[in-house]
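Subject: Two-chain model for you to look over

Dear colleague,

I am passing on the structure we spoke of, with the sequence alongside. Please open it first, and then read my notes against it.

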Amino acid sequence: MVKLKTPASLPLFDTQPDQSPEQLAQPKQPQHPTTPVIESRTPARAALWLAIYLPRISLEAVVEDHAQRPVATFVRDKGRERIHTASQLAHRGGVKKGMLLSAAYAICPQLQLRPIDRVVQKKRLYQLALLMQQFTSQVTLCAGNALLLEVQRSIAYFGSLEAIQTGVAQQLSQRQHAFYMAVSPTPAASLLLARTGSTNNVCERQDLRSALGGIPTDYLPMNARERQRLHNSGVRELRDIWRLPKDQLGKRFGPGFLLYLDKLLGEAADVRETFRRKPRFCRSEELMHEVSDLDQLGQAAHALLEELGDFLRARDLGVNRVKLRLFHERSNATSIITGTRTATHDVDRLFALLQVRLQQLELPAPVVSVELSATRFFPCRYHNAQLLAPAGRNGEEQGSAQALFEQLQARLGDRAIFAVTAPADFRPERASQLVTAAAPAQNKIDQPRPLWLLPQAEALDVKDVALLSGPERVEQGWWDQHDVRRDYYIARDSYGRLCWVYRDLHQPQQWYLHGLFG
Amino acid sequence: MSDALQQLLIDNPAVWRGRSAYAAQFKHWPSGHAQLDNRLPTGGWPDKALIELIAPRWGVGEIRLLAPLMRTLSQRQSSQLWVCPPYLPYAPALLGCEINLDHVAVVAQTRSEAERHWCIEKALQSGACGLVLAWARQFPRKVLRRLQLAAEQGNALAVLFCNAPTEHSPAALRLKLSPALQGVRVDVLKARGSFATPSIDVQLPLPFTPPHAA
């Protein structure tokens with residue numbers, strides 16, 4: 001029978017267990033008086049999950065020296081700012097979670113406050129996950145403040161489970177993290193045990209039921225109302241839940257709750273996403289001497305791009321943005337960012353784009369080193385090239401057309417090259433649009449339309465033109481503030497051109513030239 | 001004449017061999033207008049070349065003159081690039097001419113003349129565009145020569161619209177356009193492989209039914 005510490009006041013699920021910070025600050029050395037030691041003689045064992053719960057990571061991530069001074073993070077909750085996590089000294093001063101800031105100041109006047117920063121916290125957890133990859137290849141991030149490590153396969157290498165736990169504890173305490181660790185055969189149970197502050201290892205699935213039995217139900221991931229209902233029905237510990245009939249539980253608390261219970265005991269599969277380091281590419285090259293010749297820079301950039309090509313090919317990835325930085329002896333680095341419209345692994349295509357930008361470049365000083373980096377990667381399919389290149393004007397050109405447009409865009413700017421679309425609108429000025437991203441709507445109009453449209457209709461004296469055909473009435477848009485009521489005519493102007501003119505029915509004397517038949 | 005010699009002559013459009021021989025052998029695009037095809041030495045628009053269209057102002061019928069060519073090329077999935085058009089190309093009318101908008105790209109404006117010329121040259125060289133249409137008041141002769149080479153290299157056709165003619169232009173075909181009652185009047189200023197021809201009126205389909213015909 002595993003003995004668990006049951007706190008008197010019952011905190012919410014993802015809060016720190018109500019233990020004194022003194023206890024937290026010195027991470028306990030693993031003690032295993034009752035648990036059996038895992039030995040390698042048992043073959044092909046099921047997975048064993050080590051959960052690391054970091055109750056104060058939101059503070060530890062934003063404040064470096066949280067051990068030396070009273071400091072706390074706060075969070076805005078329903079319009080009022082409340083304490084989220086307090087440091088050891090602040091806790092000793094009486095600052096508690098959920099306290100109003102004014103109350104906290106009153107108790108502990110020298111308290112320093114920091115807003116909570118989820119992004120920094122996530123980054124810290126990410127770093128810790130990277131660190132934990134020395135113990136196992138399978139690390140999972142959980143809910144912003146916990147990590148799961150699959151350790152069964154690492155036991156043989158490290159010798160024993162305790163060796164792994166000691167190693168993990170050492171790494172975490174070196175970085176001044178307060179933490180709880182627990183080991184069990186299922187991820188959900190490990191997390192739950194870690195959150196309750198248990199230090200006992202459960203290594204067999206059949207022991208789970210009794211090991212979890214003493215945990216108060218307040219640690220379960222449920223909302224406050226359901227927790228209250230569970231409490232009202234006389235359930236205080238998980239042990240009480242084990243005694244209840246499953247179908248009744250399912251009726252009252254939903255199938256999600258039943259699934260969670262099954263996952264706890266390993267009766268349902270619990271698949272966790274394994275943490276993987278994001279791919280990054282950053283290579284630089286020191287030049288042999290100071291270079292101000294753009295051709296030589298191009299060669300250096302090409303060599304780096306070749307490396308990028310190998311990197312992408314090995315991982316089946318593509319990039320749509322690369323950054324080239326040119327470092328100078330005394331002035332700031334010059335950076336060139338260039339991108340393609342679709343993710344690519346084609347080095348020549350990227351090189352052509354870089355070359356366009358390089359040619360426009362005015363160097364402030366000679367270049368001493370070059371660096372190429374890419375941060376965002378996309379899965380990219382590799383096509384087979386055609387053996388027999390089809391001749392002439394056909395579909396083969398389309399691929400290179402994309403490359404050409406990218407090249408033009410690189411030099412002319414983002415808002416220079418457009419596709420033409422015909423949206424479904426009868427208002428003449430809205431029936432055609434120049435758009436940057438091609439999503440061609442092709443709505444045909446049977447009435448005669450000019451090939452040229454003036455960007456702005458020009459006022460016109462009707463005596464200067466000879467009306468040839470018409471009118472065609474266009475009466476649209478009364479529903480969206482762009483009311484159009486016009487009579488369109490085809491006319492010949494004094495130069496002999498065919499024009500598209502209209503009379504505005506809102507001001508019947510006024511005529512406008514709107515297009516040319518070209 | 002040996003076959004090899006024959007082939008050499010065919011491959012080199014710069015050697016003039018009299019009208020009939022020329023017309024039959026060089027690749028060309030039918031213009032879609034019978035009167036014009038009859039008058040041009042190649043029997044249509046030349047391929048891999050520059051065409052210069054000169055008119056003091058636009059809207060005289062130049063796009064309707066080129067519409068059949070654009071349709072043919074767009075049916076062959078060949079991209080076309082419009083560089084600095086004077087007005088907005090109007091999508092419903094392009095669709096009316098059966099031009100696939102998927103293959104039409106527009107460079108709305110460039111910051112300088114040099115950038116415009118670079119843009120046209122790149123598009124021609126790349127081999128990705130079958131047709132490049134470009135507008136300017138006038139193209140310098142040096143630029144025209146570069147563009148001619150780019151068109152040959154990229155296997156593309158360039159149509160340059162200019163308001164003022166350039167002296168001694170290297171373009172394969174130079175036409176002066178002026179409005180006419182039933183379409184457009186075309187003066188052939190220069191056509192590679194032929195002597196000057198009198199002006200012709202090319203009838204263009206009217207966008208409406210004339211009242212007397214109804």
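This is a predicted model: local features need pLDDT of at least 70, side-chain atom pairs count only at pLDDT 80 or more; totals for chains, interfaces and linings use all residues.

Chain A contains 15 helices and 19 strands, and of its 518 residues 33% count as buried. Of the contacts in chain A with a separation of 6 or more, 58% are between residues 24 or more positions apart.

The helix that may interest you in chain A is H12(A), residues 246-265, whose 20 residues have end C-alpha atoms only 14 Å apart, whereas a straight helix at 1.5 Å a residue would reach 28 Å. H12(A) has a kink of about 125° at Phe253(A), shortly before the proline Pro255(A), and just after the helix Gly266(A) takes a positive phi of about 75°. The axis of H12(A) also comes within 6 Å of that of helix H8(A), residues 187-196, and the two cross at roughly 90°, so H8(A) and H12(A) are roughly perpendicular to each other. Where they meet, H8(A) contributes Ala188(A), Ala189(A) and Leu192(A), while H12(A) contributes Tyr260(A), Lys263(A) and Leu264(A).

Turning to the two chains together, their contact takes 46 residues from chain A and 43 residues from chain B. On the side of chain A that touches chain B, helix H15(A) and the strands E13(A), E15(A), E16(A) and E19(A) each supply at least two residues, and the largest share, ten residues, comes from H15(A).

An open sheet also includes strands of both chains, with six strands in the order E16(A)-E17(A)-E18(A)-E19(A)-E15(A)-E5(B) and antiparallel pairing. Strands E16(A) and E5(B) stand at the edges with a single partner strand each, so one side of each is left without a neighbour in the sheet. Within this sheet, E17(A), residues 484-492, and E18(A), residues 498-504, run antiparallel and are joined by seven bridges, with Tyr488(A) standing opposite Tyr502(A) in E18(A).

E4(B) runs parallel to strand E7(B), residues 129-136, and is joined to it by five bridges, with Gln80(B) opposite Leu131(B) in E7(B). E4(B) also pairs in the parallel sense with strand E6(B), residues 104-107, over four bridges, and here Trp82(B) stands opposite Val106(B) in E6(B).

Finally, two backbone angles in chain B deserve a mention. Most residues other than glycine have a negative phi. Lys48(B), however, has a positive phi near 50°; this residue lies in the loop between strands E2(B) and E3(B) and, with 18 C-beta neighbours inside 10 Å, counts as partly exposed. Asn155(B) likewise has a positive phi, near 60°, and lies in the loop between helix H7(B) and strand E8(B), where 17 other C-beta atoms within 10 Å make Asn155(B) partly exposed.

With best wishes

Conventions: Residues are numbered from 1 along each chain as its sequence is written. Chains are lettered from A and ligands numbered from 1 in the order in which they are written. Two strands pair if DSSP finds at least two bridges between them. The expected span of a helix is 1.5 Å times one less than its number of residues. The bend at a residue is the angle between axes fitted to the seven residues ending there and the seven starting there. Axes are lines fitted to C-alpha atoms, for helices over the stretch in contact, and angles run from 0 to 180 degrees between N-to-C directions. Angles under 35 degrees count as roughly parallel, over 145 as roughly antiparallel, 65 to 115 as roughly perpendicular and the rest as oblique. Two residues are in contact if their C-beta atoms, placed from the backbone, lie within 7 Å. A residue is buried if 20 or more other C-beta atoms lie within 10 Å of its own, exposed if 12 or fewer, and partly exposed in between; C-beta atoms are placed from the backbone.
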